[in-house]
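Please open the structure in your viewer and keep the selection panel at hand.

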Amino acid sequence: MKRIAVLTSGGDGPGLNPCIRAVTRMAIHLGAEVLGVERGFTGLINGNVQPLERRSVGGIMGRGGTFLGTDRCREFYTVKGQRKALRTLNQLDVDGLVVIGGNGSLTGALALHRLGFPVVGVPATIDNDVNGTDIAIGVDTALNTILDAIDRIKDTASSHQRAFLIETMGRNSGYLALISGLAGGAEMVLIPEVETPMEEVAEAVGYAYERGKSHCIIIVAEGWKPGTRALVDYLKSREDELGFEVRLTVLGHIQRGGAPSAFDRLLATRLGAAAARELLSGARGVMVGWVNSQVTLTPLEEAVAFQKQVDLALWELAEIMER
Ligand code: F6P
């Protein structure tokens, strides 16, 4: 194998640049050429690539986002789009591809593998919902960003004696909300995986007030139903009896940006280097992951078969800590 390509796809997150750097430098070290694909599968379909040298990936360790760009490419969901991408890869004489991204991107990687193209995946999503890895690239930094926000909001919440709903990302996964709630000392955590009626949330707010707390912090995952907006309206309609005034902060894309933490830089370097090494040694249709502090390989079929679930033991621990 003489030439490989690398792309980042789906929602970005901190650590993508160190990962591209690691793929590039390991591949060059092993004697291969590297092409960087711009804007994920969109760039693959349209043939937008740039040659990557050791120097072209210098100075990017501390930069958030992805210098190659990324996309959620609808066209690649179709067989037609996938075949166009395969054609580009063949026209460019590429022998193998590293795909860095979350569940959707790794499903795209699997599609190319099924068309017979050599692919290795790397899990990168702040949602941490990919099977076959204890932690994905970007999660640690996003958690630290959320914790910083919780600490700041607690300051103002206490000064004003308020209850705050803080919405984290996680369309389908409560991981960020659960872990940040535990580590941030929240009074309550709401995640899509566990049904919690709004009345129960109101009770928790009222109870925190009665006990003389100066604030009540509730972390809500984006995917929790019936949703943060419905909850804030409901709590506001009961403010008089609950005691606390209620406010909402939606953290949004702040969680996806920023300089990667030390952990994410190291994880991205290990997984990126392992992906290049595995691809060049003949691995096919696998994802490199980090399990029990070791680099592991999982077939892409398994990695994307279902969404990794949050650890409900941690949910129970959070419930005990909240009281
Ligand atoms: O999948 C990662 C993620 O950040 C989710 O937590 C969030 O729901 C989604 O991406 C937002 O995607 P977009 O940036 O396309 O709006």
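Begin by selecting the ligand together with the residues around it: R72, D127, M169, G170, R171, E222, H253 and R256. The model is a predicted one, in which local features need pLDDT of at least 70 and side-chain atom pairs count only at pLDDT 80 or more, while totals for chains, interfaces and linings use all residues. Residues are numbered from 1 along each chain as its sequence is written, and side-chain values use heavy atoms, with hydrogens and water left out.

By class, this shell comprises 1 nonpolar, 2 polar and 5 charged residues. In this scheme Ala, Val, Leu, Ile, Met, Phe, Trp, Tyr, Cys and Pro are nonpolar, Asp, Glu, Lys and Arg are charged, and the others, Gly among them, are polar.

A polar side-chain atom of R72 is 2.8 Å from an oxygen atom of the ligand. For E222, a side-chain N or O atom lies 2.8 Å from a ligand oxygen. In the case of R256, the distance from a polar side-chain atom to an oxygen atom of the ligand is 2.9 Å. Of the 400 Å² of accessible area that the ligand has on its own, the protein covers 78%; these areas come from the Shrake-Rupley method with a 1.4 Å probe.

Where does the ligand sit? Its site is the largest pocket, a placement that requires more than half of its atoms to lie within 2 Å of the pocket's grid points. On a 1 Å grid over the protein atoms alone, a pocket is an open set of points with protein on both sides within 12 Å along at least five of seven lines, whereas a cavity is a set where a 1.4 Å probe fits but cannot get out; lining residues have an atom within 4 Å of a point. The largest pocket holds about 760 Å³ of space, a volume being the space filled by probe spheres set on the grid points, which are joined across faces, edges and corners.

Now select G10, G11, R72, G104 and R171, which lie nearest the centre of this pocket among its 32 lining residues. Helix α4 (residues 103–114) supplies the largest share of the lining, 6 residues; helices are DSSP runs (H or I, at least four residues) numbered from the N terminus.

Finally, select K225 and P226, which are joined by a cis peptide bond with omega of about 15°.

Note on methods: Near = heavy atom within 4 Å. Polar contact = N/O pair within 3.5 Å; in protein donor to acceptor, adjacent residues only side chain to side chain. Helix = DSSP H or I, 4+ residues; strand = E, 2+ residues; numbered from the N terminus.
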